[in-house]
Amino acid sequence: MKSVLHKAATRGHANHGWLNSHHTFSFAGYHDPERMHFGVLRVLNDDQVAPGRGFGTHPHDNMEIISIPLEGDLEHKDSMGNTTTIKEGDVQVMSAGTGIQHSEYNKNNDQEVKFLQVWVFPNKRNVEPRYDQISIREIEKKNTFYQVLSPNPEDEGVWVHQDAWFHLGKFEAGTTDTYKIKKEGNGVYAFILEGEVEINRQKLEKRDGYGIWETDSFDFKSISNSRVLLMEVPMSLEQIGQ
């Protein structure tokens, strides 16, 4: 097994007033050649947007973009005609494909919105752009990891153009679980949303990131009440669509 540890305090940070963002991997003005990506996981941004503010209309192409709200309400508009609101308990996905434009704003004028923005390189280029969002409240399980994203449109959660699986878990102190890799050659990047946990005896705290690869499974223990996101992705960049 190989691993990489990214402590929360070592992330890139940009505070624009209306946007307070922490970057696990190189993004915008933050560049670290040692932290460009984890396999096909390219971006993991931990964003806080001020009341009533947001990202104006901007373009994307050939990227799978996943948004996971943690607090508040985020209003989404795009060039495909979608106008929606996502909130804690939802997961949103966009396949940018041949190109889309979208905006994201804090829908409320009296509270921040906090959300994770995750980008994954696709295994197919120039697909038709698409948008989807789901509520995960009906599939949420306690004290175990449950799937919120996969490559299969028929599976639980949203889907992407990549051999990737995302799982969330909300755990009580003392709970244990085991995660088994879905596809040989994949690795898992764990991001600790709340609490303190151990993964293969590596202690991790809030907003720490921990990547694991060249293993078939790993053990998990929740030291305190915790919430964790697991992102299983191909480690080879050869699995990016050309």
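Biologist: Which residue is the bridge partner of Gln-147 in strand 15?

Modeller: The partner of Gln-147 is His-167. Please note that this is a predicted model, in which local features need pLDDT of at least 70 and side-chain atom pairs count only at pLDDT 80 or more, while totals for chains, interfaces and linings use all residues. Residues are numbered from 1 along each chain as its sequence is written, and side-chain values use heavy atoms, with hydrogens and water left out.

Biologist: What makes strand 13 and strand 15 a pair?

Modeller: Two strands pair if DSSP finds at least two bridges between them. Strand 13 and strand 15 (residues 165-171) are joined by three bridges in the antiparallel sense, and therefore they meet the definition. Strand 13 also runs parallel to strand 14 (residues 158-159), with two bridges between them. There, Val-158 of strand 14 stands opposite Leu-149.

Biologist: How many strands does the protein chain have?

Modeller: The protein chain has 22 strands and zero helices. Both are DSSP runs numbered from the N terminus: helices are H or I with at least four residues, and strands are E with at least two.

Biologist: Why is Asn-62 called buried?

Modeller: Buried means under 20% relative accessible area, exposed over 50%, and partly exposed in between (1.4 Å probe, protein chains only). Asn-62 has a relative accessibility of 8%, so it counts as buried. Asn-62 is found in the loop between strand 5 (54-60) and strand 6 (64-71).

Biologist: Is Arg-201 buried or exposed, and why?

Modeller: Arg-201 has a relative accessible area of 76%, and therefore it is exposed. Arg-201 is also in a loop, between strand 18 (197-199) and strand 19 (202-204).

Biologist: What is the phi of Asn-62, and what is that of Arg-201?

Modeller: Phi is positive in Asn-62, about 45°, and also in Arg-201, near 70°. Most residues other than glycine have a negative phi.

Biologist: What makes strand 13 mostly covered?

Modeller: In strand 13 (residues 146-150), five of the five residues are buried. Over the protein chain, buried residues make up 53% of the 242 residues.

Biologist: Why does the radius of gyration agree with a compact globule?

Modeller: The radius is taken over C-alpha atoms, and the globule rule is 2.2 Å times the number of residues to the power 0.38. For 242 residues a compact globule would have a radius near 18 Å, and the protein chain has 17 Å, so the value agrees.
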